Amino acid sequence: MSSIGLRDLRHSYLRDPATDADWALKHIDIDWSDGGAYALLGPSGCGKTTLLNIVSGLIAPTEGRVFFGKDDVTDIPPDQRNIAQVFQFPVVYDTMTVYENLAFPLLNRRVPKAEIDAKVREIAKMLDLEDRLTKRASGLTADGKQKISLGRGLVRSDVNVIMFDEPLTVIDPHLKWVLRSKLKELHQQVGSTMIYVTHDQTEALTFADQVVVMHEGTVVQIGTPVELFEKPKHTFVGHFIGSPGMNVLPCEIDDGAPLFAGRKVALESRIEKTAAGAKLEIGVRPEFVSFASEGIPVEIVKVADAGRYRIVDTRHGETHIKLLVAEGEALPSEGACIGFDPAHTQVYADGWIIA
Amino acid sequence: MGGKTINHKAWLFVLPVVLLVAFNAVIPLMTVVNYSVQETFGDNVFFWEGVNWYEQVLHSERFHASLLRQLTFTSIILVIEVPLGVAIALTMPREGPWVSVCLVLMALPLLIPWNVVGAMWNIFALPEIGLLGKTINSLGIDYNFTQQPLAAWFTTILMDVWHWTSLVVLLAYAGLCSIPDAYYQAAKIDGARGWAIFRYIQLPKMKRVLTIAILLRFMDSFMIYTEVFVLTGGGPGNTTTFLSIDLVKIALGQFDLGPAAAMSLIYFLIVLLLSWVFYTLMMRSEGEP
C-alpha cells in the first residue's frame with residue numbers, strides 16, 4: 001500500500017515546448033493518501049488523462065518525479081508499478097473467455113495455477129461475472145466488458161492504485177448508476193486507492209472523497225465536493241461545478257469591501273490588499289442570492305422551471321445574475337432587489353480567490 | 001390487413017444490374033456449359049456428348065498432374081506470403097514521415113502489369129545476362145530456370161512472393177493500424193509482452209483482413225497465368241504448367257473446346273469449394289457467444 005506524490009510535474013507532447021500553451025500539464029504538485037477515492041475533473045483537453053497516464057507510467061513526464069510511498073517510480077514501467085487502469089473504451093482480449101481474461105495478468109506474472117483459479121473466482125463473484133466465466137469475452141455487453149477490464153486490475157494482489165479514464169462513457173445511462181455504486185462498494189471492499197478521471201461533475205462528486213479540478217493543464221482546486229461548492233478557489237471551479245454555475249460580477253474594492261453597482265457588498269472578512277491592475281470579481285452562487293426588500297435593483301429577464309425550484313435570470317445594467325427561487329414562492333413584480341449571503345460571497349482577483 | 005403497397009416498379013430499378021450480371025457472368029458461363037456437353041468441329045455443328053467430357057477430364061492424368069502442381073504452388077505461396085506479409089506489416093512504422101515511404105514502396109510491385117512482371121523476372125533470372133541468374137551461378141550454384149524444374153519453381157515462387165506479398169502487407173498493416181492504443185496500454189499494464197501481444201491482440205484484430213488476404217491470395221495464385229506464362233511458358237517440359245496454362249493449351253492450342261469447357265467448370269467449382277472451406281474455417285468461431 002502506498003500514497004502517491006507528484007512533484008513539480010510538467011509535461012509537453014512537443015519536443016521543444018516554448019510558450020505556455022505548449023505544455024499539456026503546466027505545473028502539478030499533488031499528494032494523494034493511501035486508500036482514498038479521488039476524481040480528476042475538468043473539461044476535455046485540460047490534461048487530466050495525461051496526468052493519469054503519467055501516474056500509471058504509460059507516459060514519461062517531461063519534468064518532475066512520481067512517488068509511490070517513498071519510492072521514486074518515474075522510470076519504472078507500468079507493469080511493475082502496482083497499478084491497474086480501466087480505459088474509456090472497454091479493453092478485452094477477444095479470443096479469450098471471461099475466465100482467461102481475468103487470469104491473463106496473473107499468468108503473465110507466473111502466479112501458480114491454483115492461486116489464479118481462487119483469485120479469478122473471488123473477483124468474478126465480486127463483479128457478478130460468475131455465471132459468464134466460460135463465455136467468450138467478446139460476446140459481452142459494454143458494461144460486462146468494462147467489468148472485465150476492472151477485474152483484470154482487481155485480481156492482482158499487488159495492485160495499490162486503480163485508475164479509471166472516463167470508464168462510463170460507453171455505458172447505457174441506466175447502467176451508469178449501477179456500475180458507479182458498484183465502484184463505490186468495491187472501493188470500500190478492497191481498500192485500494194482509486195483515481196477517477198471524468199468531465200462529468202455528477203460522477204466526480206458522487207464517487208470521490210476529494211476532487212481535483214483541472215483547467216488548461218493546471219490544478220485549480222483540490223477539495224471535498226462541499227468545499228468545491230461552497231468556496232470555489234477559482235472562478236472556473238465556480239462555473240464548472242454546480243448547475244447553474246456561480247455568478248461572477250465585475251466589482252471594485254473600496255475600503256476593504258467590494259463595490260458592485262455602487263453598493264457595498266457585505267463579506268465575512270475584510271479585503272486587505274489587492275494587486276494593482278488585477279481584474280476584480282465577486283462570485284456568488286445562485287443558491288445564495290435571494291430577493292430582498294432593498295439591495296441591488298434588478299429586472300427579471302427569464303424564469304426557467306427546474307422542478308423543485310425556479311432559475312430566475314435577472315439583470316442589473318449589462319450584468320446578468322441568476323438566482324434560485326423555491327417552488328411556490330412568489331416573484332416580486334416591480335422594483336425587485338436582490339441580496340447576497342455574506343457567508344457565501346467571495347471576491348476573486350484575476351480569477352483566484354482573495355476573500 | 002397490412003398496408004403494404006405492391007409495386008412492380010421496383011423491378012425496373014433492378015433491371016440494369018440484372019442485365020449487367022447476365023451479360024458479364026451468366027451468359028458467358030452458360031456458353032461454357034453449352035460447350036462442355038457437346039462436341040464441335042466448327043461451322044456451328046454440334047454433337048451431344050452428355051457428361052463424357054467431365055468424365056474424361058476427371059480421369060485424365062494430365063489434369064491430375066496440373067491440379068497437383070497447382071495445389072502445391074498455391075500452398076507454398078500461402079505459407080510464405082501470409083506470415084511474411086504479417087511480419088513486414090509488424091515492422092512498418094505506425095506514424096511519422098516513413099509511413100508514406102513504406103506504403104509507396106509496398107504498393108509499387110502491385111502497380112506493375114502482370115506480363116511486365118513476368119518479363120522482368122525472365123530477364124532478371126537469365127543465367128547468362130540476368131543479375132539474379134548470373135549472381136547465383138557465380139556463387140557456384142548451377143542455376144538455369146529454363147532447363148531445371150527446381151530452378152523454374154524457385155524462380156516462379158520468388159517472383160510471386162515479390163509481386164504479391166505487398167498485398168498481404170497492406171491489408172495486415174491496415175488491420176494493425178485500426179487497433180486502438182488502449183489495447184497496447186492495457187497489455188502493458190497486464191504485463192503482456194511480445195508474443196502475447198501478437199497472439200492475443202494483434203492477430204485476433206487482424207483476423208478479418210487476414211481472411212480477405214488469404215482468400216485473395218488463394219484465388220489469385222490458384223488462377224495464376226500471365227506471369228508464369230511469360231516467365232517459363234509452363235516449362236521446362238510441363239513442370240510449371242499450372243491449371244490455367246494447361247487449360248489454355250487445351251482450348252487454344254489443341255482447340256478441344258468440349259474438354260476445355262468441362263475443365264473450366266471443374267476448375268471454377270474447385271476454386272469455389274476451396275474458398276468456401278477457407279472462409280468457413282477462418283470465420284468458424286466468429287458467431288460463438
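Call a residue buried if 20 or more other C-beta atoms, placed from the backbone, lie within 10 Å of its own. Strands here are DSSP runs (E, at least two residues) and helices are too (H or I, at least four), numbered from the N terminus. This is a predicted model, where local features need pLDDT of at least 70, side-chain atom pairs count only at pLDDT 80 or more, and totals for chains, interfaces and linings use all residues. Residues count from 1 along each chain as its sequence is written, and chains are lettered from A in the order in which they are written.

**Exercise 1.** Work out which residues cover each face of strand 15 of chain A.

*Solution.* Start with one side: A:Leu280, A:Ile282 and A:Val284 are buried there. Five of the five residues are buried, so strand 15 (residues 280–284) of chain A is largely enclosed by the rest of the structure.

**Exercise 2.** Find the strands that pair with strand 15 of chain A (pairing takes at least two DSSP bridges).

*Solution.* First, strand 11 (residues 247–250) of chain A pairs with strand 15 in the antiparallel sense over four bridges. Here A:Val248 stands opposite A:Gly283. Next, strand 22 (residues 345–349) of chain A also runs antiparallel to strand 15, joined by five bridges. There, A:Leu280 has A:Ala349 as its bridge partner.

Note on methods
A residue is buried if 20 or more other C-beta atoms lie within 10 Å of its own, exposed if 12 or fewer, and partly exposed in between; C-beta atoms are placed from the backbone.
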